[in-house]
Amino acid sequence: MSDGISIDALGQAVGDFSNHEKLGFDLGAYVGDLAFEEDSGSEDISLEGLQQELEECESDEVVANILSSGAKLREYAKGVENNLRKVELDSIEDYIKESDNLVSLHDQIHDCDSILSQMETLLSGFQEEIGSISSDIKILQEKSMDMGLRLKNRRVAESKLAKFVEDIIVPPKMIDVIVDGEVNEEYIRTLEILSKKLKFVAADPAVKSSKALKDVEPELEKLRQKAISKVYDFIVQKLIALRKPKTNIQILQQSVLLKYKYIISFLKEHGKEVFMDVRAAYIDTMNKVLSAHFRAYIQALEKLQLDIATAYDLIGVETRSAGLFSRAREPLKNRSAVFALGERIKIIKEIDQPALIPHIAEASALKYPYEVLFRSLHKLLMDTATSEYIFCDDFFGEESIFYEIFAGPFSVIDEHFNPVLTNCFDAIGLMLMIRIIHHHQLIMSRRRIPCLDSYLDKVNISLWPRFKMVFDSHISSLRDANIKTLWEDDVHPHYVMRRYAEFTASFIHLNVEYGDGQLDINLERLRMAVDVLILKLAKLFPRPKQQIVFLINNYDMTIAVLKEAGPEGGKIQMYFEELLKSNTSLFVEELLVEHFSDLIKFVKSRASEDSSLNPERSITVAEVDPLVKDFGSRWKTAIELMHKDIITSFSNFLCGMEILRAALTQLLLYYTRLTDCIKKIPGGSGLNKDLVSIQSIMFEIRKYSKTF
């Protein structure tokens, strides 16, 4: 190597210097004479470019100093040369002194060079080996990728094969459970495994062509038949338990049957005929069980029924009349509750209460109007239907089975309800049942259970025509009433009018939250009928005053009853208030005419005349004097008589006092007009001594107002 040769030459030179030092080395002899001499034999030197170099050196500090000192260049150059020789010799001496170190350095460098040479050889070998290893690695990488692909394919094949084997193989334990095991949770899990295998065999086309299927298929078919037979017997036994008396059906369904609902799914998929048998058996069982339960409940409820009204309990029927074959009963006049809602309205507020328990109510000797029994029956129906509907949907996975089951209970309820409805003459009870059905529909809607929609609609549709028929019977009883048998020589409220008021108030109350326009129309028809009847009865009184008193008493009583139904009686109440107001005015006039006829006749006919237009008919003192003296002599007595008359004529004391106050106020107006007329008469001031002061009459009015 070149570096090695240089190092060897350097080592040899250093060795020579060392040997000469040992022999008494003469530096001068070795170096020679370094003095400058003129080279006479030198060739001519070209001075071209010298001027330019001098100009460039002019700025150099050393050159400038030399030139300024005036020294000769040759002498100066010789001095520099001597200095350089001296420095060179000093440097060589320094190298000679360090010769041992240089030799040692040379040896070390030589050793390093041999080591590096070995390393170069070794690394070259490594490089060759690495090249071969790289090619080997590439080969191995290709083999690895190939093996990975094969492994992946084998794993896919293995997983498919394992799944195939797992799906098609019939483990001995599964055979033991299906054949000899009891139907329990483990049996259900095994059924699920068997179902997957049966579906696998039937659904996968590749399986049908496999040889393994020929061995397994007969065994799977045997297991399927055995499983179907076993679960069928199990389900039938559970259905038989439903028929046992006093069995809580819902608990048995929830705690037992629903635990095994997968059996039904298994039968539906792998034993359709057996599933249909189980389905039919369940329908038949529940149909009979629920029908028997509802029939027993209805029979128990019928013992609790309280008859409210019959065909003869009508508003316009005279109290003493009765049908030829009607049962003996107390007079309707004492049974006005037949037409009053009363406490029966509570059934709407208790709409979601539990159904009646018949034996408890029977032990308490309690009787109930039919709407109470109607609510209990349908409350039981709603709860039972809700439970059964949810169970059928969960257990069988179909809703239609519910309607087949409840065909029986619906029929039992219809057998009971249709005759009851045909013989029901209780209009209030019918309307309560209509409201009950409405609330039950809302309850089922909130539950989101549609199974009773059609049934409740059918009941509602059957109730309305019956209600209309009974309501029309009440209207007909008023239109066709025999006023001679109904009339009583009594100006107090008539019992027919009281029935009407209570009857109407009941329906107004029942219509507050519903706004049923059809019911409003019927109530208006009823009002028109009773209005005609009460006027006919009033005309049977011989005196007009009695007629008016009779009408006022009936109108006042009607308004009072209607107000009890609610703060606002609606159009009907307003109508009777107008009638009361107009008849009150008529009665006031009749009452005042009875006691002060001459005064009223004069005020109405003469007091308003203008004497300036007809002087011949001017009012004179002689014409007015008897009226003044007559009024002054008996006005207090007349007021007292009016007070007694009103007290005895009107049933409602407050109404009577209101009428008395109106009469006295009207009397004051008449007398005021009389006094105003007297002031206009020439010489009328002479009657002042006989005139009663307005303050005295006002005092008397206030005296009677205090009692009011």
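Helices are DSSP runs of H or I with at least four residues, numbered from the N terminus. By that rule, F126 sits in helix α6 (residues 99-168). This is a predicted model, in which local features need pLDDT of at least 70, side-chain atom pairs count only at pLDDT 80 or more, and totals for chains, interfaces and linings use all residues. Residues are numbered from 1 along each chain as its sequence is written, and side-chain values use heavy atoms, with hydrogens and water left out.

F126 has a relative accessible area of 39%, which counts as partly exposed because that class lies between buried (under 20%) and exposed (over 50%), using a 1.4 Å probe and protein chains only. F126 belongs to a nonpolar surface patch with I115, L116, M119, L122, L123 and I130, together about 690 Å² of accessible area.

On a 1 Å grid over the protein atoms alone, a cavity is a set of points where a 1.4 Å probe fits but cannot get out; a pocket is an open set with protein on both sides within 12 Å along at least five of seven lines, and lining residues have an atom within 4 Å of a point. The whole structure holds two cavities of 30 Å³ or more.

| Space | Volume | Lining |
|---|---|---|
| Largest cavity | about 50 Å³ | seven nonpolar, one polar, two charged |
| Largest pocket | about 480 Å³ | 11 nonpolar, eight polar, one charged |

Helix α13 (272-302) gives the largest share of the pocket lining, seven residues.

Methods. Grid points are joined across faces, edges and corners, and a volume is the space filled by probe spheres set on the points. Ala, Val, Leu, Ile, Met, Phe, Trp, Tyr, Cys and Pro count as nonpolar, Asp, Glu, Lys and Arg as charged, and the others, Gly among them, as polar. Helices (H or I, at least four residues) and strands (E, at least two) are DSSP runs, numbered from the N terminus. Patches are made of residues with over 30% relative accessible area and no salt bridge: like charges are joined within 9 Å, nonpolar side chains (Val, Leu, Ile, Met, Phe, Trp, Tyr) within 5 Å. Accessible areas come from the Shrake-Rupley method with a 1.4 Å probe; for residues, only the protein chains shown count as cover. A salt bridge is a side-chain nitrogen of Lys or Arg within 4 Å of a carboxyl oxygen of Asp or Glu.
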